[in-house]
Amino acid sequence: MHKNLALIFLLLPAPFVSAADCISIHEAGQHVGETKCVTGKVLRVKVGRKNVHFLDFCEDQMACPFTVVIFSNDLKDVGDVRHLAGRTIEIRGAVKVYDGRPEIILSRISQITGGAAMIPPLPKNYDVENRGHFSAGRLYPSKKPAKIKAKPPTSSTYGNDVEGQEPPD
């Protein structure tokens, strides 16, 4: 019996084994200052001032015991976090306190484990500074140089003159 149980644990995929190491969002406050794996369902992704993204795990975010923060300069390394809404994630990182609430700062995609780690990269035209609006500007093709008409040399003569002949009187 014990051999079969040990064999089952060996055959389990790594995400199931690592899920036992994760704590819930409600326990995160007890582990401030530690590097932990926290698991919870992301209800929505909000964008705050200076394009800081927040993963909300509760309906009332102000009463929620935990949050995940993604700064705008880290979005290129994390990906399109808007796709995390509705997913249960496992995030690993240092649990810190900000404004009296525990949080983990998400700065790279490897901090998220499981199926949620398969979020797409940011679209190429995603404007981080403009809160996600796709308006990174326009790229105009370079202007071709203007064709310059050849000017006739000033030393040439007009009319019936041919080089080497004297003009008729």
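I took helices (H or I, at least four residues) and strands (E, at least two) as DSSP runs, numbered from the N terminus. The model is predicted, so I kept to its thresholds: local features need pLDDT of at least 70, side-chain atom pairs count only at pLDDT 80 or more, and totals for chains, interfaces and linings use all residues. Residues are numbered from 1 along each chain as its sequence is written, and side-chain values use heavy atoms, with hydrogens and water left out.

**Entry 1**

I began with Glu27, which I located in the loop between strand 1 and strand 2. For burial I used relative accessible area: buried means under 20%, exposed over 50%, and partly exposed in between (1.4 Å probe, protein chains only). Glu27 has a value of 35% and is therefore partly exposed.

Is His31 buried or exposed? His31 counts as buried, because its relative accessibility is 16%. I then listed its contacts (heavy atoms within 4.5 Å). Leaving aside neighbours within four places in sequence, His31 touches Ile23, Lys36 and Val95.

**Entry 2. The four-stranded sheet**

I counted two strands as paired if DSSP finds at least two bridges between them. Strand 1 and strand 2 run parallel and are joined by two bridges. Ile23 has Val38 in strand 2 as its bridge partner. I traced an open sheet of four strands in the order 1-2-6-9, and its pairing is mixed. Strand 1 and strand 9 (112-113) are the edge strands, each pairing on one side only.

**Entry 3. The hairpin of strands 3 and 4**

I next examined strand 3 (residues 44-47) and strand 4 (residues 53-56), which pair in the antiparallel sense over four bridges. The two strands form a hairpin with five residues between them. In the turn, Lys50 has a positive phi of about 55 degrees. Lys46 has Phe54 in strand 4 as its bridge partner.

**Entry 4. Salt bridges**

My criterion for a salt bridge was a side-chain nitrogen of Lys or Arg within 4 Å of a carboxyl oxygen of Asp or Glu. How many salt bridges does this rule give? The count comes to five.

Asp56 forms one of them with Arg44, where the closest N and O atoms are 3.2 Å apart. This pair links distant parts of the chain, with Asp56 in strand 4 and Arg44 in strand 3, twelve residues apart. Asp56 is buried, because its relative accessible area is 0%, while Arg44 counts as partly exposed at 25%.

Asp56 also meets the side chain of Lys46 in a salt bridge (3.8 Å, N to O). Here too distant parts of the chain are linked: Lys46 lies in strand 3 and Asp56 in strand 4, ten residues apart. Lys46 is partly exposed, because its relative accessibility is 38%. I noted that Arg44, Lys46, Asp56 and Glu59 are linked in a network of salt bridges.

I recorded a further salt bridge between Glu34 and Lys36, whose closest N and O atoms are 4.0 Å apart. Glu34 is partly exposed at 34% relative accessibility, and Lys36 is partly exposed at 21%.

**Entry 5. The nonpolar core**

I defined a nonpolar core as a set of buried Ala, Val, Leu, Ile, Met, Phe, Trp, Tyr and Cys residues joined through side-chain atoms within 4.5 Å. The largest such core has 23 residues, and those with the most contacts inside it are Val38, Leu55, Phe57, Phe66, Val68 and Ile70. Strand 5 (67-70), helix 3 (75-78) and strand 6 (88-94) each supply at least two residues of this core. In soluble globular proteins, nonpolar side chains tend to be buried together.

Which residues does Leu55 contact, leaving aside neighbours within four places in sequence? Leu55 is in contact with Val42, Arg44, Val45, Thr67, Val68, Ile70, Leu84 and Ile89.

Entry 6. Grid points are joined across faces, edges and corners, and a volume is the space filled by probe spheres set on the points.

The largest pocket has a volume of about 500 Å³. Its lining has 17 residues, of which Val52, Phe54, Val69, Tyr98 and Asp99 lie nearest its centre. The largest share of the lining, three residues, comes from strand 8.

Definitions and conventions: 1 Å grid on protein atoms, 1.4 Å probe; cavity = no way out; pocket = protein on both sides within 12 Å on 5 of 7 lines; lining within 4 Å.
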